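Subject: Structure for your files, with notes

Hello,

Below is the structure I said I would pass on. My notes on it follow.

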Amino acid sequence: MSARWIASASLMVLAAAVTALATAQQVPAQGAAQVPEFAPRADSAAEQRAEFRTLDEDVQDLKKQVLDLNRDLFLLEEELLFQSNTQTAVFISMDVGEFFGLDSVELKIDNKDVANYLYTEREAEALLKGGVQRLFIGNLKAGEHELVAVFTGEGPHTRDYRRAASLVFEKGIGPKFIELTISDREVRQQPEFVVKEWE
Amino acid sequence: MNESMGARWKGVALVALLALAGSGSAATQLRGTEAPDFVLKSLSGKNLRLSEYRGEVVMLSFWATWCGDCRAQLTELAAMRDRYQEAGVELLAVSLDQNARQASEVTAEASYPVLHDAAGEVGRLYDVTKMPVMVLIDRGGVVREVFEGFRRGNEEQYLERVQALLRE
């Protein structure tokens with residue numbers, strides 16, 4: 001009994017839906033005379049869309065200009081603060097890191113502390129994944145300088161490890177880039193600390 | 001003459017009163033600003049950086065072993081941290097003791113990170129002039145509250161603020 005009721009109710013709903021659909025399809029035909037009335041509205045909608053598009057483009061242009069300006073300001077700031085003829089930058093990178101877990105780096109130039117950095121687990125992992133960190137950027141006058149980097153961390157067999165690496169370099173005209181690289185020395189089962197100069 | 005002197009004194013007193021009313025302690029002036037970032041070595045040996053806790057509500061507590069109120073506050077904060085840790089609440093306890101061993105003895109069974117600020121650099125960064133100080137930092141890294149001192153019952157106020165920050 002109830003199944004029959006459900007079936008008849010479903011039929012009624014279906015019939016109502018079909019009627020509604022047919023009515024909806026007939027609307028444009030019945031309202032054919034009103035088409036000219038709607039036409040200008042369609043035009044204005046298109047105009048509005050075009051206006052919005054222009055506005056959107058303007059906003060995008062403005063954003064780009066702000067970004068360009070920001071970049072120019074950044075470059076200008078770098079150039080003014082760290083002029084290329086005195087600029088010296090020190091970077092740090094790690095390769096493998098099986099024999100050394102980095103904890104901190106202390107950087108001295110001409111026996112003066114210029115950077116002291118404590119590494120969190122995430123930062124050390126980022127370096128292991130190929131990240132390069134700018135540890136120091138500053139101004140040095142032309143001539144001979146000495147750089148000493150003291151690395152502390154966990155060495156082989158989870159022992160506390162502290163090692164220094166140094167480099168005497170000549171600062172000429174033009175910027176100077178130095179890279180501190182920590183890598184594994186498989187043969188000696190020890191980490192290796194290398195200081196490289198980039199031209 | 002006497003009248004003008006009296007008026008001048010009243011003026012001086014008013015200025016002093018206004019100055020007192022307007023000046024919060026240095027630490028409380030951090031409210032609404034981005035929490036100064038720092039990295040410190042924890043007693044477990046790991047280095048921890050505050051900015052790596054972005055996305056979590058951080059209770060930054062400055063304390064010392066010789067300060068009884070600090071220890072009482074830490075106990076309350078630790079309980080709150082244990083309760084809400086999974087919801088994203090962390091407690092960073094910065095010890096301003098000169099000796100890390102003293103701090104590690106007191107917090108031997110602590111489940112939260114205890115950091116040691118031997119040089120007092122982070123304490124200066126947050127203008128800590130009295131203890132304890134608890135800085136409440138929201139998920140976006142902004143200082144939302146600075147609580148100075150501790151009295152029994154203050155923990156309810158902390159809980160209310162932490163819950164509000166979790167709801168944001």
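Some conventions before the rest. This is a predicted model, in which local features need pLDDT of at least 70 and side-chain atom pairs count only at pLDDT 80 or more, while totals for chains, interfaces and linings use all residues. Residues are numbered from 1 along each chain as its sequence is written, chains are lettered from A, and ligands are numbered from 1, in the order in which they are written. Helices (H or I, at least four residues) and strands (E, at least two) are DSSP runs numbered from the N terminus.

Helix α2 of chain B

The buried residues of α2(B) are Cys70(B), Gln73(B), Leu74(B), Leu77(B) and Arg81(B). They sit on the same side of α2(B), because they cover an arc of only 105 degrees around the axis (the arc of the directions from the helix axis to the C-beta atoms). Buried stands for 20 or more other C-beta atoms within 10 Å of the residue's own, exposed for 12 or fewer, and partly exposed for values in between, with C-beta atoms placed from the backbone. On the face of α2(B) turned away from the buried side are the exposed residues Gly68(B), Thr75(B) and Arg83(B). The cover over the buried residues includes β3 (57–63), β4 (89–95) and β6 (133–137) of chain B.

Also in chain B, a cis peptide bond joins Met131(B) and Pro132(B), with omega about -5 degrees. Pro132(B) is placed in the loop between α4 (121–125) and β6 of chain B.

Chain A overall

Chain A has three helices and eight strands, in the sequence pattern α-α-β-β-β-α-β-β-β-β-β. Of its 199 residues, 11% are buried. Among contacts in chain A with a separation of 6 or more, 64% are between residues 24 or more positions apart; a contact is a pair of residues whose C-beta atoms, placed from the backbone, lie within 7 Å.

The two sheets of chain A

One open sheet of four strands has the order β4-β1-β7-β8 (chain A), with mixed pairing. Strands count as paired if DSSP finds at least two bridges between them. In this sheet β4 (133–139) and β8 (190–198) of chain A are at the edges with a single partner strand each, so one side of each has no neighbour in the sheet. Neighbouring strands here are turned by 15 degrees against each other on average, direction ignored; the axes are lines fitted to C-alpha atoms (for helices over the stretch in contact), and angles run from 0 to 180 degrees between N-to-C directions. Strand β7 (residues 176–185) of chain A runs antiparallel to β8(A), joined to it by nine bridges. Ile182(A) has Phe193(A) in β8(A) as its bridge partner.

The order β3-β2-β5-β6 (chain A) describes another open sheet of four strands, with antiparallel pairing. Its edge strands, β3 and β6 (160–171) of chain A, each pair on one side only. From one strand to the next the twist averages 15 degrees. Six bridges link β2(A) and β3(A) in the antiparallel sense, and Ser104(A) stands opposite Leu118(A) in β3(A).

Leu102(A) lies in strand β2 (residues 101–109) of chain A. Leu102(A) is buried because 24 other C-beta atoms are within 10 Å. Beyond its neighbours within four places in sequence, Leu102(A) has contacts that include Met94(A), Tyr119(A), Phe151(A) and Ile182(A). Leu102(A) and Tyr161(A) are 59 residues apart in sequence and 9.2 Å apart in space, C-alpha to C-alpha.

The loop between β2 and β3 (112–118) of chain A holds Asp110(A) and also Asn111(A). Neither is a glycine, yet phi is positive, at about 50 degrees for Asp110(A) and about 65 degrees for Asn111(A). Asp110(A) counts as exposed because it has 12 C-beta neighbours inside 10 Å, and Asn111(A) counts as exposed with 7.

Between the chains

Six residues of chain A are in contact with seven residues of chain B. The side of chain A that touches chain B has two nonpolar, one polar and three charged residues. For these classes, Ala, Val, Leu, Ile, Met, Phe, Trp, Tyr, Cys and Pro are nonpolar, Asp, Glu, Lys and Arg are charged, and the others, Gly among them, are polar.

Regards

Notes: Two residues are in contact if their C-beta atoms, placed from the backbone, lie within 7 Å.
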